[in-house]
Amino acid sequence: MNQAHGGRIGWRDLPDTVRRGVQDILGGQVAEAVSQPGGFSPGTADRIRTADGRRAFVKAVSPAQNEHSPVLHRREGRITAALPPVPMVPRLLGVFDDGYWVALVLEDIAGCHPATPWAAGQIAVVARTLRALAAELTPCPVPDLPAAAESFANDFAGWRRICDDPPGTLDPWAAAHLELLCELADGGLAALAGDTVVHSDIRADNLLIQPDGTVAVVDWPWACRGPAWLDTLLLAANVRLHGGHDTDALLDAHTAADSAQLTAVIAGLAGYFTDAARLPPQPGLPTVLALQRDYARALLPWLRTRLAA
C-alpha cells in the first residue's frame, strides 16, 4: 500500500527572510526544527521550538516546489483563520507571505497519525470526532466558502471523461457500465448539498491522535460547504483503501445519510480516482499518482458490491 509521503524540503532550506518572518510571528528565535514525514506537499512541515520554549507547527512552500501549492497554503490560511475555535482544529498563529513564499504558523498538536491498516478503536474515535466537528460547524460559519457540489464538479465528471476516451486498462465491469456510472456520479454531485463546513480530504495523514485519545483534524485547504456526513464517508473510503474493516457497517453506524446517496458519492469518487490515475504525475508531487491508483482499485469493487446489494 502506498503511504502518504512526498519529497519535502526542510526548515534549513527556507530563505532567511522566511525563517525571520516565522520567528517574528512566534516572538522568539527558533532553537529546534524537526521535519515531519507524511502528506504529499513538497514544502516544509516542521515542529518548531523557540529558545523560550514556545512550540508551533510550520508549513512553508513556494512555486519552485509546485506552482499550485502556495495557492493552497493561502487558501488554508484564510479558512483556518475564519473557523471558530473548536478543539479538533489547530489554531492559526500567523501567516508569512511575501508574494512568493507562503508560511503558515499553526498551533503544534502533540500526537501521531492513526495506524494503517486502521485499528477498530481509532476508526470509532475518529468517526465520533467527525460527527462532533460537523455539529460545531453547522451552519457554515465561514463566509464565501464554496459549495461541495462546486468543489467536486470537475472531479465527479471523471466517468464522462473516461467515456470520451476510455483507457485500454479500464476495469471490464466499469467499461460495461459506463452509462450507469456517469448517472450515479451526477446523482452523487446533487447529494452534496448541505450547510456544514466539511474538510473534504479526510485521510489518516490528515488526522492526529493526541496522547489523551482525542483527535485533531489538520490541513484545511479543500474545505467547502456540504452534507454533515461527507467527511465520515471519506473516512470510510480511507479505511477501505487500507483494508480489513466493514466500511458499510461504519457508514451505517456513524451517518444518517440515505444509502443511495452514499453509493452515488462513492461512484463519483471512484470515477475521479480512475480518471486521475491515468494522468502524468504532477510536478513536485511524485507520489500522488500511486495513491490515486490505490484509491481507484479500492473504491470500484466497493461500489460494485453496494450496487449488487
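This is a predicted model: local features need pLDDT of at least 70, side-chain atom pairs count only at pLDDT 80 or more; totals for chains, interfaces and linings use all residues.

Which residues in α7 meet which residues in α10? I looked up the contact and found Leu-184, Ala-185, Gly-187 and Gly-188 on the α7 side, meeting Ala-264, Val-265, Ala-267 and Gly-268 of α10. By class I get five nonpolar, three polar and no charged residues.

I have α7 as residues 178–190 and α10 as residues 259–276, with axes that come within 7 Å and cross at roughly 115 degrees. Angles of 65 to 115 degrees count as roughly perpendicular, so I'm filing α7 and α10 as roughly perpendicular to each other. I also logged their crossing as left-handed.

Then I went for the pockets. I put the second largest pocket at about 330 Å³. Its lining has 14 residues, and nearest the centre I see Thr-169, Asp-171, Thr-274, Ala-296 and Arg-297. Helix α11 (residues 288–308) gives the most to that lining, with six residues.

I found one cavity of 30 Å³ or more, and the largest cavity holds about 50 Å³. Around the largest cavity I listed Leu-130, Leu-133, Ala-134, Leu-137, Thr-196, Val-197, Val-198, Ala-228 and Asp-231. Both α3 (120–136) and β6 (196–198) supply at least two residues of this lining. My class tally for the largest cavity reads seven nonpolar, one polar and one charged.

Terms used. Residues are numbered from 1 along each chain as its sequence is written. Side-chain values use heavy atoms; hydrogens and water are left out. Axes are lines fitted to C-alpha atoms, for helices over the stretch in contact, and angles run from 0 to 180 degrees between N-to-C directions. Helices (H or I, at least four residues) and strands (E, at least two) are DSSP runs, numbered from the N terminus. Angles under 35 degrees count as roughly parallel, over 145 as roughly antiparallel, 65 to 115 as roughly perpendicular and the rest as oblique. A crossing is left-handed if the near helix is turned anticlockwise from the far one by less than a right angle, and right-handed if clockwise. Contact means heavy atoms within 4.5 Å. Ala, Val, Leu, Ile, Met, Phe, Trp, Tyr, Cys and Pro count as nonpolar, Asp, Glu, Lys and Arg as charged, and the others, Gly among them, as polar. On a 1 Å grid over the protein atoms alone, a cavity is a set of points where a 1.4 Å probe fits but cannot get out, and a pocket is an open set with protein on both sides within 12 Å along at least five of seven lines; lining residues have an atom within 4 Å of a point. Grid points are joined across faces, edges and corners, and a volume is the space filled by probe spheres set on the points.
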